[in-house]
Amino acid sequence: VLAEKRNLGSKDGPPHLVAVVPLHGAAAACDAALRLLQSQDAATVRGEPGGAAGFALLCPRLKQRWRFVVAQAGDLHAVLDLAKVADSLLFLLDAAEGWDSVGERCLSCLFAQGLPSFALAVPGGTDLPPKKRIDTKKRLAKAIEKRFPEAKLFPLTTAQEASLLLRQLGAQRQRPLAFRARRAHLLAYAAHFVPSPESHLVGTLKVSGFVRGQTLSVNSLVHIVGHGDFQMSQVEAPPDPLALNPRVDKGRKRSQDMDVQDDSQNGTDEMEEDVKVLMKADASKQESLQSEVIPDPMEGEQTWPTDEELQEAEAALKANRKVVKVPKGTSKYQAAWIVDDEEDTEEDDDEEEEEDDDMDDMMEEAASQEEEGSEEEEELVEEECETVTVSECVRDEHYDEKMEEDEEQMLERYKQERMDEMFPDEVDTPRDVPARVRFQKYRGLKSFRTSPWDPKENLPRDYARIFQFQDFSRTRKHIFRQIEKEEPEGALVGWYVTLHICNVPVSVMESFRDGRPLVLFALLPHEQKMSVLNFLVRRHPSNNEPVKAKEELIFHCGFRRFRASPLFSQHTSADKHKLERFLRPDAALVVTVYAPITFPPASVLLFKQRSNGMHDLIATGSLLAVDPDRIVVKRLVLSGHPFKIFTKTAVVRYMFFNREDVMWFKPVELRTKWGRRGHIKEPLGTHGHMKCHFDGQLKSQDTVLLNLYKRVFPKWTYDPYVPEPVPWAREETVPLARDVELE
């Protein structure tokens, strides 16, 4: 541990990477703080290649080197990406208010993702009177006590205070982040894109940076955060641009001018010098980019039948033979296609009983089509009217129409969430469709907790595309044990290397040119393959809007981010877990999606995109497991009302509306809201009335319930592309930090 701490920032280790995050809108104070950090005695300042926000600070006297990278608090992706790889975070607070609303949101996301070592600096404040300055400092210290307990505030107004802050950053204990400690990672210092001969949109990306975390192997895959997984062709060792003493580097020809600010090609001049090729990819050992299994529809597990099975099949064929009247000269093959009228009607009935998908979704689509039809009729009526010149107030009318539509949709969601809380899982029995057809995919259970359910039963086609572990926890322990014990060949921690990454789209280079951080993570074995991931999350207190299951959400899981439409289910120790239709604010839920395999521990953040492009944090948690066999069961509750009540029997109506449905659901156990249990004895009449027997006399205000269950699976909606969010807007009236309610 001591050697690792001493290695950080020294000549043998990577530079101490500090992400500067201003938590308040005072940009002038941030610029002044950076200038103070640069004004150190006997220190060399290097600018970032390509003019990016940040600088490198080399202090031969202290035998330390730092790299400072600035991220604005409103830029969500930049802040989270830098926090994934930064050794320390430097939060800049306002002397009077601490942080504003945008800074508060930024801190919530950083704490949920995992906070590395940090320091709190307060630039400015010299314009206040001395007495008021002391009161402001006391208020600020009290405000940060809840969010940062036992944290020390560092004033940043003079060069001496900046020197103390640097010593604190270099000497403080490093807080490890589990998901990055076991994976090699780096933050790009320079990059160069070489288009391929076939297309200028795809090519080889040469990324230079310092290796961190673990040894980097050229045969492993790398994940470029926000862009996907790629293979490497080779790893080179160019000269270190941030060397403390360039003369120590023996065997390397370097020019005397080491100023990176003159580099107009994002550091490509360094790459063009004499470089040493450390290793090249071995095709026999290189990890594959295959993420899905390609299923063969003709492949089935079928063994050759035995003699007994052949005899049984022949006997069954003879028993099923029937005599059909056919014209003379008809062959047996032609006769097999002639169907009786009775069989034709039976097939028609079977076709009517088929259900393609959940009827709830069909009813919602039908309702939406009716709404669209009514809107089209209104538009036709408007087109028939005359066109007249009106004033500019029409814009306000369009605004009201748009706002009314959004508010109606939100009101409908609130109503659905409220109804689900008051009457959980209850549905109305349809009058136009028989219940035995409408709920043909559902089944009854004697006990939700103890009744068996085969996890391999009726799996969807998407399960043929994913990978599954025989024992996920054992595989995870084996991989982590290999990382601790074995020393793989590759670039060691602290080396400045250039990675040649193959088949990278040109959009990655364009993003780097725009000043966005380029972060790379080496993948562990199997982490490029798709499977079913389960996350344990809890609703964030800052969000209270209803979030329905199967809505598209944005996931930040460890070093990945992607979009998917998840399922919500209860977190229990049983083998079956009930589906939740909404994200509950008062309980921890499990979120299930198709996504690439990630070995825990890994944090997860769930965002929801607004119509204006901003991302709202709705839930935080961690990766629970990779388990496709986790059974998520959807429950439906049919309700009926007692019509006539006797000692232990009752006549129940309004649960079904025909005699056949009563006979179909007769084996399923009944229960009541007041705790009685019973079963259906017989139907009465033809309109769905039924005689039921219970373990006690019912009350007149009681309700009879029948539970039905069906296993549900997530939809394959995984999308690795997440658009850049619109920066958070700062509120006009900024609350004082001491008045902010902190969780």
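Reply: Histidine 223 faces aspartate 229, which belongs to strand 12. Strand 11 (residues 222–224) and strand 12 are antiparallel and are joined by three bridges. Strands (E, at least two residues) and helices (H or I, at least four) are DSSP runs, numbered from the N terminus. Strands count as paired if DSSP finds at least two bridges between them.

This is a predicted model: local features need pLDDT of at least 70, side-chain atom pairs count only at pLDDT 80 or more, and totals for chains, interfaces and linings use all residues. Residues are numbered from 1 along each chain as its sequence is written, and side-chain values use heavy atoms, with hydrogens and water left out.

Four strands form an open sheet in the order 8-17-11-12, with antiparallel pairing. Strand 8 (185–187) and strand 12 (228–230) are at the edges; each has a single partner strand, so one side of each has no neighbour in the sheet. From one strand to the next, the twist averages 25 degrees. Helix 3 packs on this sheet and touches strand 8 and strand 17 (519–522). Its direction makes about 45 degrees with that of strand 17. Contact means heavy atoms within 4.5 Å. Axes are lines fitted to C-alpha atoms, for helices over the stretch in contact; angles between N-to-C directions run from 0 to 180 degrees.

Follow helix 3 next. The axes of helix 3 (residues 76–85) and helix 4 (residues 101–113) come within 10 Å and cross at roughly 35 degrees. Helix 3 brings Leu76, Val79, Leu80, Ala83 and Lys84 to the contact; helix 4 brings Cys106, Cys109, Leu110 and Gln113. Seven of these residues are nonpolar, one is polar and one is charged. Here Ala, Val, Leu, Ile, Met, Phe, Trp, Tyr, Cys and Pro count as nonpolar, Asp, Glu, Lys and Arg as charged, and the others, Gly among them, as polar.

Strand 2 runs antiparallel to strand 3 (residues 54–59), with four bridges between them. Valine 45 has leucine 57 as its bridge partner in strand 3.

Then the wider chain. There are 17 helices and 31 strands. Of the 743 residues, 44% are buried, meaning under 20% relative accessible area; exposed is over 50% and partly exposed lies in between (1.4 Å probe, protein chains only). Among contacts between residues at least 6 apart in sequence, 78% join residues at least 24 apart.

Last, confidence. The chain's average pLDDT is 80, and 78% of the residues score at least 70. Residues 341–357 have pLDDT below 50, and this stretch has 14 contacts beyond near neighbours in sequence. pLDDT is the predictor's confidence in each residue, from 0 to 100. Over residues 732–743 pLDDT also stays under 50, with 25 contacts beyond four places in sequence.
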